[in-house]
Each structure stands twice: as C-alpha cells, then as structure tokens.
Amino acid sequence: MPKKGCLGCSFPVVIGVSIVLLALTVISLLSGALGSSFFGDLGLPSWLTVPKPTIQLPAETVFHLFGFPITNSIITAWLSIIVLVGIAYAVTHRIKLIPSRLQSLLEFAIEWMLNLCVDVAGEKNGRRFFPIVTTIFLFVIMNAWLSLLPGFGSILITNAEGETVHLLRGANTDINMPLALALISFVFVEYHGIRSLGGWHYMKKFVNVGQFFRSLGQLFRGKLKAGLSGLFTGAIDIFVGMLEALSEIVRIVSFTFRLFGNMTGGEILILMMLFLAPWVLALPFYGLELLVGLVQAIVFGGLTLVFATVAVTPHGGEIA
Amino acid sequence: METETMRMLAAGLCMGLGAIGPGIGVGLVGLGALQALGRNPEARGPIMTNMILAIAFAEAVAIYALVVAVVLIFVA
C-alpha cells in the first residue's frame with residue numbers, strides 16, 4: 001500500500017512539525033506583549049521577552065570616513081552592490097551557450113525586464129532605457145530583500161560616540177536613498193526628453209505660449225472674435241503648461257515617499273508584530289514584505305520607464 | 001489636552017482617515033481589472049501589469065498618510 005502523506009511529507013513529519021508550530025505559538029503568545037497584557041508578568045527569562053522596539057527614522061552613523069559619516073544604511077547599500085556584482089560576475093565570467101541554472105535564472109530576469117521596456121517604450125527607445133531602468137529595479141529589490149534575511153538587524157556595534165547601533169539597516173528605509181534614486185530618475189527622464197525632442201521643443205510642453213501670442217497677433221490684425229477665443233485657449237494652455245512643470249517636480253517627492261513609506265512601514269509593522277507575539281505573528285507579514293519589495297521595485301522602474309516614454313513622445317502625440 | 005494625547009490622536013486620525021480614499025481607489029482598480037479580464041481573458045498579461053501599476057499609484061497616497069502618522073508619533 002503506498003505511503004499516505006500530507007503535503008508530500010510522511011505523517012510523522014507532519015505531526016512533528018505541527019507540534020513544534022503549536023509550541024512556538026504558545027510560547028510566543030505567552031512571552032510577547034499580548035501575553036503580558038492578558039496574564040500579567042510571568043517572570044520569563046530575559047532571553048524570551050522582547051523589549052519595546054525603538055524606531056528611529058534617521059539612520060545612525062557607524063563610523064566616519066574622510067570626514068563623511070557612514071550610516072548603517074550606506075553599509076547595507078554597499079552590501080547589496082557587492083551581492084549584485086558578485087552574482088553578475090559568477091554568472092558571466094564563464095558564460096555558456098547552453099546556460100547553467102544560475103545563468104538561466106538571471107537570463108529570465110533580464111529578459112523579463114527587456115520585454116517590459118520594449119513593450120512600453122517601443123523597440124529603439126526600449127533598448128535605450130533598459131540599462132537604467134533595470135539597474136534601479138535590481139538595486140531596489142536587492143535592498144528590500146536583503147533586509148529580510150534572518151539575523152540582519154541583530155548585528156550590533158558600538159560606534160565612535162559609544163552608542164550601540166545596528167550595523168545593518170535596510171537601505172530603502174533611510175530617506176536619502178529613495179531621494180537619490182528619484183533624483184536619478186528625474187535627470188534621466190529630462191535628459192532623454194531633451195535629447196530626443198531638442199531642448200526648445202521639449203520646453204514647449206511646459207512654456208506653452210504659442211497659442212497666446214498667436215491670438216494676440218490676431219487681435220491686433222482686427223480679427224476680434226477668433227482672437228478673443230484664441231486668447232482664452234492660450235491662457236488655459238499656459239496654465240496647463242505650468243501645472244505640467246509642477247507635476248514633473250512633484251514626481252521626485254512622490255517617488256521618494258512611495259518607496260520610503262512602503263519600506264519603513266513594512267519594517268515598523270514587522271517590528272511591532274515581533275513585539276506582540278515574537279515567533280509566529282510576524283510570518284505572514286514577512287511574506288507580505290517579500291511581495292511589497294518586489295512590487296515597489298517594479299513600480300519604481302516601471303514608472304521611470306513610463307515617464308521617460310511620455311517625455312520622448314512629440315508634443316502632438318497622445319499623452320496617457 | 002496635553003501634547004502627547006493630541007499627538008496620539010492626530011496620528012490615529014491621520015492614518016485612519018487617510019486610508020479611506022486609497023482603499024476605495026484600490027477596490028475600483030480591482031473592479032476595472034476584473035471586468036476587463038472577464039471580457040477578454042486572453043489579454044491577461046497587459047491587464048495584470050497595468051493593474052499592479054495602478055494599485056501602486058493608489059496605494060502611494062495611503063503611504064503618504066502613514067509617513068505623516070509615523071512622523072507624528074516618533075519625530076515631532
């Protein structure tokens with residue numbers, strides 16, 4: 001008779017895992033903040049209780065390098081750069097026509113991003129936008145996912161002022177990193193707009209005075225009715241142009257706060273769940289954090305791509 | 001009322017009221033995407049991609065409210 005199992009494991013394994021999970025749930029409910037509010041102080045050993053989390057929004061400096069304070073988020077950004085370059089080197093230094101497993105994985109990711117770029121921006125522009133969009137995507141996703149590794153926030157170090165700080169902290173939770181990425185994205189979009197359309201033609205999208213002056217000329221030449229209606233349209237055009245310019249600038253703020261808010265909110269959520277019931281309650285939120293990291297990376301890269309595509313479209317084209 | 005109480009109240013109200021709009025917005029995006037998917041199941045790829053993008057846009061406003069609430073509690 002074939003061995004019956006559940007979820008692919010034999011029955012004893014399933015029963016063992018369920019018992020361990022049940023024990024962890026009981027311990028976590030007792031030792032967390034939920035337990036202490038129901039049962040009062042149970043006098044558990046100090047390694048079972050979780051202290052109230054202190055959340056600090058600015059990143060703490062770990063050491064100083066040539067006068068610059070190096071914060072723990074910069075160290076994590078360096079770590080994700082090292083991991084990304086390491087993976088790329090390991091895959092490409094002996095690149096094969098029939099790919100190995102790691103090479104196929106990376107080829108899948110790169111090809112997916114290339115298809116996205118070409119789908120959104122067309123063949124020629126898609127390939128031109130591909131490097132920066134993929135770099136932003138890979139950097140954001142590596143920053144987000146590295147901070148979910150177990151033991152990431154547990155390494156403590158005493159810095160020069162004598163305080164005990166975490167050595168590593170997710171780079172997207174320091175507001176400077178999303179701000180830097182948003183500025184890079186802004187410069188990238190403006191550069192490609194000016195390069196594709198020519199400086200003056202690109203600026204005409206924002207300084208839209210053509211209709212206004214044309215209708216002034218019509219007024220002077222005596223065509224009153226056409227002139228006045230054109231004047232009105234021209235005034236609306238100027239106003240809309242100013243709004244477009246404002247929305248370009250506000251895009252920087254929106255990019256920054258979207259990435260920063262999602263990442264910091266997720267980290268605070270996991271910290272609070274760990275405080276309430278240490279072992280068990282944070283597990284669904286870990287899954288949520290994985291998903292949110294992926295989605296935010298896609299959104300950042302995808303929005304950069306969409307704005308660059310809109311910027312290189314000539315003025316008469318359909319602006320979505 | 002003391003500042004500590006006011007700050008807590010403000011943070012709670014900020015996040016709570018700030019999540020109403022984006023909640024409805026994300027639901028509407030989902031409605032549109034599901035209706036489009038029902039009409040044309042073959043266009044699943046573009047529909048899902050654009051749905052994710054639109055959900056992230058709508059979600060961002062709720063995240064702004066979260067940032068203000070967090071700043072109210074921990075920084076201000």
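Modeller: Domain bounds here come from an automatic or database domain assignment. For chain A that assignment gives domain 1 (17-49) and domain 2 (61-312). This is a predicted model: local features need pLDDT of at least 70, side-chain atom pairs count only at pLDDT 80 or more, and totals for chains, interfaces and linings use all residues. Residues are numbered from 1 along each chain as its sequence is written, with chains lettered from A and ligands numbered from 1 in the order written.

Biologist: What separates the centres of domain 1 and domain 2 of chain A?

Modeller: 41 Å, taken over C-alpha atoms. The contact takes nine residues from domain 1 of chain A and seven from domain 2 of chain A. Two residues are in contact if their C-beta atoms, placed from the backbone, lie within 7 Å.

Biologist: Which element gives the largest share of the domain 1 side in chain A?

Modeller: α1(A), with six residues. Helices are DSSP runs of H or I, at least four residues, and strands are runs of E, at least two, numbered from the N terminus.

Biologist: New topic. How many residues of chain B are in contact with chain A?

Modeller: Eleven residues of chain B, against 14 of chain A. That side of chain B divides into eleven nonpolar, no polar and no charged. Nonpolar means Ala, Val, Leu, Ile, Met, Phe, Trp, Tyr, Cys and Pro; charged means Asp, Glu, Lys and Arg; the others, Gly among them, are polar.

Biologist: On to α4(A). Which residues are buried?

Modeller: Met113(A), Leu116(A), Cys117(A) and Ala121(A). Buried means 20 or more other C-beta atoms within 10 Å of a residue's own, exposed 12 or fewer, partly exposed in between, with C-beta atoms placed from the backbone. Down the axis of α4(A), the buried residues fall within an arc of 110°, so they line one face. The arc is that of the directions from the helix axis to the C-beta atoms.

Biologist: What do they pack against?

Modeller: α5 and α10 of chain A. The face of α4(A) turned away carries exposed residues, including Arg101(A) and Glu111(A). Gly122(A) follows α4(A), with a positive phi near 85°.

Biologist: Where is the kink in α5(A)?

Modeller: At Phe130(A), about 45°, shortly before Pro131(A). The bend is the angle between axes fitted to the seven residues ending there and the seven starting there.

Biologist: And what covers the buried residues of α5(A)?

Modeller: The cover includes α3, α4, α6, α9 and α10 of chain A. Among the buried residues are Phe129(A), Val133(A) and Asn143(A).
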